[in-house]
Amino acid sequence: MTPRIIKHVLRDILRSRIAVAYTLFLFVAAMGLFNIGGDVSKGLVSILSVVLMIVPLMSLVFATIHFYNSYEFIELLSAQPLERRTILLGEYFGVATALSAAFLIGIGVPVLLYDRSTTGACIIAAGLLLTFVFVAIAFLGAVCTRDKARGMGVALLLWFFFALLFDGIVLFILFTFQDYPLEKATIALVALNPIDLARTFVLLQMDVSALMGMTGAVMQEFLGTALGVSYTLGVLMLWVIAPLLLALRVFRRKDL
Amino acid sequence: MIEASSITKTFGRLRALDEFSASLQPGHAYSLIGPNGSGKTTFIKCLLGTVIPDSGKLTLSGESLLNNPALRARIGYMPQIGRYPDNMRVAQLFDLLGEIREGSHCGRDEDLMQAFEIDKIASKPMRTLSGGTRQRVSACLAFLFNPDVLVLDEPTAGLDPVSVEVLKEKVISERKKGKLVLLTSHILSDLDEITTDVMFLMEGRLRFSRPIDDLRAETGEEKLGKLIAGLMKGTDQRGAKAP
């Protein structure tokens with residue numbers, strides 16, 4: 001039954017103006033960044049920065065708004081002969097697929113036009129994974145919070161934490177304990193932030209060690225590229241599954 | 001047909017349902033009545049599975065309704081506020097619900113769809129419909145799959161007088177076919193003709209459930225509204241007299 005709900009949620013979102021605007025924004029940004037520098041690889045690095053900021057923000061905010069706007073509909077569905085799990089999975093995959101489609105068109109088409117390298121493919125893979133991660137996190141937040149305004153606050157705080165605050169905390173830790181060997185600790189710390197994981201994952205593919213930052217360099221040295229890639233991808237997958245399972249657990253007993 | 005025994009549901013410190021017990025029979029139309037916060041909505045939501053009781057039993061024809069989604073195929077629900085995905089078209093909404101209920105219903109009942117001329121608005125997105133039209137869609141969905149139990153939450157709110165009459169007639173005819181109808185409404189006069197039994201809730205408990213004709217004969221009031229007002233005063237006095 002889940003695929004049928006996915007189909008209807010997907011169709012509903014793809015017709016909304018916000019999904020179209022998101023696609024257009026990504027498309028214009030990517031085209032612009034490729035053309036400004038004149039250098040494709042510089043363009044890719046800029047696109048990566050945009051993807052790492054915008055995709056989590058859009059996924060969190062859009063999924064949260066969608067959940068609260070669909071509240072009465074979810075209530076109606078839960079009064080039908082349907083398992084709660086079916087309803088939440090249907091909504092989750094509907095939203096995540098819709099945002100992924102927008103991302104694929106918005107970023108995928110320009111990347112395909114200007115650059116057909118592995119790096120480009122990795123940026124697209126990272127963006128798609130981040131979409132699934134942050135829609136899952138948004139659903140977990142929305143399922144746990146009854147009030148819409150508070151739910152939006154939670155979503156924005158989470159974005160602020162993962163996109164901005166976390167790096168500050170990591171830097172603070174690294175500076176405070178700089179006398180100790182922190183290489184392995186850094187690798188562990190990266191696992192706590194999906195955005196850093198995605199960044200490391202893409203940078204490992206790029207031949208720009210200067211841009212890799214501490215984490216990237218350490219990871220390449222200690223794990224090697226192949227192991228580093230599987231590590232980042234594996235933990236990113238966990239970031240999809242864990243929040244989703246938690247959300248399902250909470251939703252199963254939730255009073256609507 | 002529906003048996004509720006000692007259902008308790010608390011929201012924080014509030015006891016919305018407090019050892020609530022009731023027995024509902026087919027062929028009757030029950031009006032749930034009581035002051036705000038008396039547990040009407042919570043009881044309906046327990047029945048529909050949108051609220052999960054802390055304790056107690058709730059059965060439909062002997063089968064537990066708790067943790068048993070498949071049994072909900074026998075219940076039709078018309079919500080108080082029907083909000084649907086903005087860009088979903090009316091026909092798609094009916095398709096989706098049809099797919100969900102596929103194979104678990106006994107025949108489709110499209111009387112209301114015809115009476116409300118749903119086919120004329122089939123291609124419109126849900127967001128463009130007026131509140132009343134959306135209520136008509138909700139009503140059609142409740143009756144469409146021929147369920148044994150009909151739960152109508154404020155069915156007349158927002159409907160125009162013609163639609164209210166159509167809906168009332170439909171409720172009466174379905175009840176006469178032996179279905180169980182459960183209603184809530186703030187506009188009591190609307191329910192006079194379709195109610196057979198009054199269930200009066202207060203502070204999360206069922207105070208009484210009696211045929212409306214008995215109540216009329218006892219209090220001498222014709223209109224349900226006055227009757228209830230009289231009863232509420234009565235309970236207050238009784239409450240005051242209690243030690």
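Colleague: Hi! Which strands of chain B does helix H1 (residues 40-48) lie across?

Modeller: Hello! In this predicted model, H1 of chain B lies across E1, E2 and strand E4 (55-60) of chain B.

Colleague: And at about what angle does that helix run to E2(B)?

Modeller: About 65°.

Colleague: Nice. What is the order of the strands in that open sheet of chain B?

Modeller: The open sheet has four strands in the order E2-E1-E4-E5, and the pairing is antiparallel.

Colleague: Which are the edge strands?

Modeller: Strand E2 (14-24) and strand E5 (63-64) of chain B sit at the edges, each pairing on one side only.

Colleague: Let's zoom in on E1 and E2 of chain B. How many bridges join them?

Modeller: Seven bridges join strand E1 (residues 2-11) to E2(B), and the two run antiparallel. To pick out one position, B:Lys9 has B:Leu17 of E2(B) opposite.

Colleague: Zooming out now, how many helices and strands are there in chain B?

Modeller: Chain B has seven helices and ten strands.

Colleague: What radius of gyration does chain B have, and what would a compact globule have?

Modeller: Chain B has 18 Å, which agrees with the value near 18 Å for a compact globule of 243 residues. The C-alpha atoms of chain B fill a box of roughly 60 × 40 × 35 Å along the principal axes.

Colleague: How much of chain B is buried?

Modeller: Buried residues are 42% of the 243 in chain B. As for contacts in chain B with a separation of 6 or more, 72% come from residues 24 or more positions apart.

Colleague: On to chain A. How many helices and strands does that one have?

Modeller: Ten helices and zero strands. The radius of gyration of chain A is 19 Å, close to the 18 Å from the globule rule for 256 residues, so chain A is as compact as a globular protein of that length.

Notes
Residues numbered from 1 in each chain as written. Chains lettered and ligands numbered in written order. Predicted model: local features only at pLDDT ≥ 70, side-chain atom pairs only at ≥ 80, totals over all residues. Pairing = 2+ DSSP bridges. Contact = placed C-beta atoms within 7 Å. Axes fitted to C-alpha atoms, helices over the stretch in contact; angles between N-to-C directions. Rg over C-alpha atoms; globule rule 2.2 N^0.38 Å. Buried ≥ 20, exposed ≤ 12 C-beta atoms within 10 Å, placed from the backbone.
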